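Dear colleague,

Please find below the structure that I am handing over to you, with its sequence. My notes on what was found in it follow directly after.

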Amino acid sequence: MSRAPLWPVLDDYGLHKVPLRFYWLLLLLLRPYICWVLVLTLPQAQRDMLALFYPQQADFILACLVAAPLLLLIAALSQRKPKGHRGWWHIWRFGRGILLLVALADLVLTIVDLPALVMLDAPWRIAAPVLLLAGVCWLLRSRTLRAVFAEWPDAANANSTKP
């Protein structure tokens, strides 16, 4: 006798649910934009906070450029419903590859930007490369994520998983 899963595997549209780890990885990869929004909401006197994470302005701009393709992926995710625009399927089906390329580029940039004596000066900066490495491993191994990026809802039939 097989047991029912503890949580539903499919969403309201009959598609695989997007794993919560996907959203956590998006937050990690979009950290330059999140820092940017946080700095814009702070008073003028406290706007030097961005220099804590990105000491050089070129590093911040490069990090934003690397993470920019994820904004398209977020837009495609918002359209992953039966009444969504069908054209976003072309971006969504390459989502795993986009995530992997952005995560690898971010991992390389993060490691290159680490100071020589990072363990003595700022050991908290080691967290980002470790989390990025774990995210890359998850992207390579996750079968659920492959299924999520392989399906798109049909406007005529919400239970159909074929594009």
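**Findings**

Leaving aside neighbours within four places in sequence, D59 is in contact with Y54 and D113, where contact means heavy atoms within 4.5 Å. D59 is part of helix α4, residues 57-67. With a relative accessibility of 17%, D59 counts as buried; buried means under 20% relative accessible area, exposed over 50%, and partly exposed in between, with a 1.4 Å probe and protein chains only.

Please note that this is a predicted model, in which local features need pLDDT of at least 70 and side-chain atom pairs count only at pLDDT 80 or more, whereas totals for chains, interfaces and linings use all residues. Residues are numbered from 1 along each chain as its sequence is written, and side-chain values use heavy atoms, with hydrogens and water left out.

**The chain overall**

The secondary structure comprises 10 helices and 0 strands. Helices (H or I, at least four residues) and strands (E, at least two) are DSSP runs, numbered from the N terminus. The pattern along the sequence is accordingly written α-α-α-α-α-α-α-α-α-α. The chain has 163 residues, of which 36% are buried. Of the contacts between residues at least 6 apart in sequence, 69% join residues at least 24 apart.

**Packing of helix α1**

Helix α1 (residues 20-29) packs against helix α7 (residues 95-112) at an angle of about 45 degrees, and their axes are 11 Å apart. Axes are lines fitted to C-alpha atoms, for helices over the stretch in contact, and angles run from 0 to 180 degrees between N-to-C directions. The angle makes α1 oblique to α7, since angles under 35 degrees count as roughly parallel, over 145 as roughly antiparallel, 65 to 115 as roughly perpendicular and the rest as oblique. The crossing of α1 with α7 is left-handed, that is, the near helix is turned anticlockwise from the far one by less than a right angle.

On the α1 side, F22, L25, L26, L28 and L29 take part, and they meet L99, V102, A103 and D106 of α7. The residues of this contact divide into 8 nonpolar, no polar and 1 charged. Here Ala, Val, Leu, Ile, Met, Phe, Trp, Tyr, Cys and Pro count as nonpolar, Asp, Glu, Lys and Arg as charged, and the others, Gly among them, as polar.

Helix α1 also packs with helix α2 (residues 31-41), at an angle of about 65 degrees and with the axes 5 Å apart. In this pair, L27, L28 and L29 of α1 meet R31, P32 and I34 of α2. By class, the contact of α1 with α2 has 5 nonpolar residues, no polar ones and 1 charged.

**Individual residues**

T110 is found in helix α7 and is buried, with a relative accessible area of 12%. Apart from neighbours within four places in sequence, T110 is in contact with R31, A128, P129 and L132.

R86 lies in the loop between α5 (69-78) and α6 (89-92). R86 counts as partly exposed, at 41% relative accessibility. R86 and A76 are 10 residues apart in sequence, and their C-alpha atoms are 9.4 Å apart in space.

**Cysteines**

A search of the whole structure finds 0 disulfides, a disulfide being a pair of cysteine sulfur atoms within 2.5 Å. For C35, the nearest cysteine sulfur is that of C64, 9.0 Å away. C35 is buried, at 10% relative accessible area, while C137 is partly exposed, at 40%.

Yours sincerely
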